[in-house]
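Please look over the sequence and the model shown below before reading on.

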Amino acid sequence: MKITKIGKNGINLIKQSESFISKPYLCPAKVPTIGYGTTFYFDTKRAVKITDKPITEAEADRLLQGHVNAIFAPLADKLCRDDLNQNQFDAVVDFLYNCGATYRDKKGKVQYYNIFENINAYMPEKELKAYWQKLCITGGGKKLNGLITRRLKESELFFKL
């Protein structure tokens, strides 16, 4: 059965990695953020501002669910093969929620992360884990332990039965 919705493990990983913060703050990349790592309000498409009012945990959960269901789960479905199991799908959605699907190369050209090609090509577990754990582990130009841990947890979830 094709998986198209994030599961409990995926939501828990996002919440654990992001933590709930009620007031707007600047993430390590200096982007205004609120709740569980939200950088914009999915319903209005307005970016979070550092001057925004605090939100409740229930509001943060609504924003998280909205982002995941409207943006990141459909993107995971589009970018990855159809035979992912729930844990694999959840790991990909967590990665997308944290990093997005694209980055700009040194010339400023938009590129897709190769992780999706590697997943779709059935890269062997050991190689995919090693690749995954080196991807997007910096913020503000510095390696961040929280991102290193998150990539490790994502890659472990991806291969969890």
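## Aromatic pairs

How many aromatic pairs does the count come to? The count comes to 8 aromatic pairs, where the rings of Phe, Tyr and Trp (its six-membered ring) are paired if their centres lie within 6.5 Å, and where planes under 30 degrees apart are called stacked, those over 60 edge-to-face and the rest tilted. A pair of aromatic rings is described by the distance of the centres and the angle of the planes.

One of these pairs is made by F72 and Y97, which are edge-to-face, with 5.4 Å from centre to centre and 75° between the planes. This pair links distant parts of the chain, since F72 belongs to helix α2 (residues 57-79) and Y97 to helix α3 (residues 86-99), 25 residues apart; helices here are DSSP runs (H or I, at least four residues), strands are likewise DSSP runs (E, at least two), and both are numbered from the N terminus. F72 counts as buried because its relative accessibility is 11%, and Y97 counts as buried at 9%, where buried means under 20% relative accessible area, exposed over 50% and partly exposed in between (1.4 Å probe, protein chains only).

F95 and F116 form another edge-to-face pair, at 6.1 Å centre to centre and with 75° between the planes. Here too distant parts of the chain are linked, with F95 in helix α3 and F116 in helix α4 (residues 115-120), 21 residues apart.

## How the model is read

This is a predicted model, in which local features need pLDDT of at least 70 and side-chain atom pairs count only at pLDDT 80 or more, while totals for chains, interfaces and linings use all residues. Residues are numbered from 1 along each chain as its sequence is written, and side-chain values use heavy atoms, with hydrogens and water left out.

## The surroundings of F95

F95 counts as buried because its relative accessibility is 2%. Leaving aside neighbours within four places in sequence, F95 is in contact (heavy atoms within 4.5 Å) with G100, Y113, I115, F116, W132, L135, C136, R151 and E154. The C-alpha atoms of F95 and C136 are separated by 9.1 Å, although these residues are 41 residues apart along the chain. F95 also belongs to one aromatic cluster together with Y103, Y113, F116, W132, F158 and F159.

## Two helices side by side

Helix α1 (residues 8-18) and helix α6 (residues 145-158) pack at an angle of about 170°, with their axes 11 Å apart; the axes are lines fitted to C-alpha atoms, for helices over the stretch in contact, and angles between N-to-C directions run from 0 to 180 degrees. The two helices, α1 and α6, are therefore roughly antiparallel to each other, a term for angles over 145 degrees, whereas those under 35 count as roughly parallel, 65 to 115 as roughly perpendicular and the rest as oblique.

On the α1 side, N9, L13, I14, Q16, S17 and E18 meet R150, K153, E154 and L157 of α6.

## Two loop residues

K30 lies in the loop between β1 (21-26) and β2 (32-35), and K30 is exposed, with a relative accessible area of 62%. Its phi is near 70°, a positive value in a residue other than glycine.

Y122, in the loop between α4 and α5 (125-132), has a phi near 60°, which is again positive in a residue other than glycine. R81 lies over the face of Y122, at 3.8 Å from the ring centre, where a charge sits over a ring if NZ of Lys or CZ of Arg is within 6 Å of the ring centre and within 35 degrees of the ring normal.
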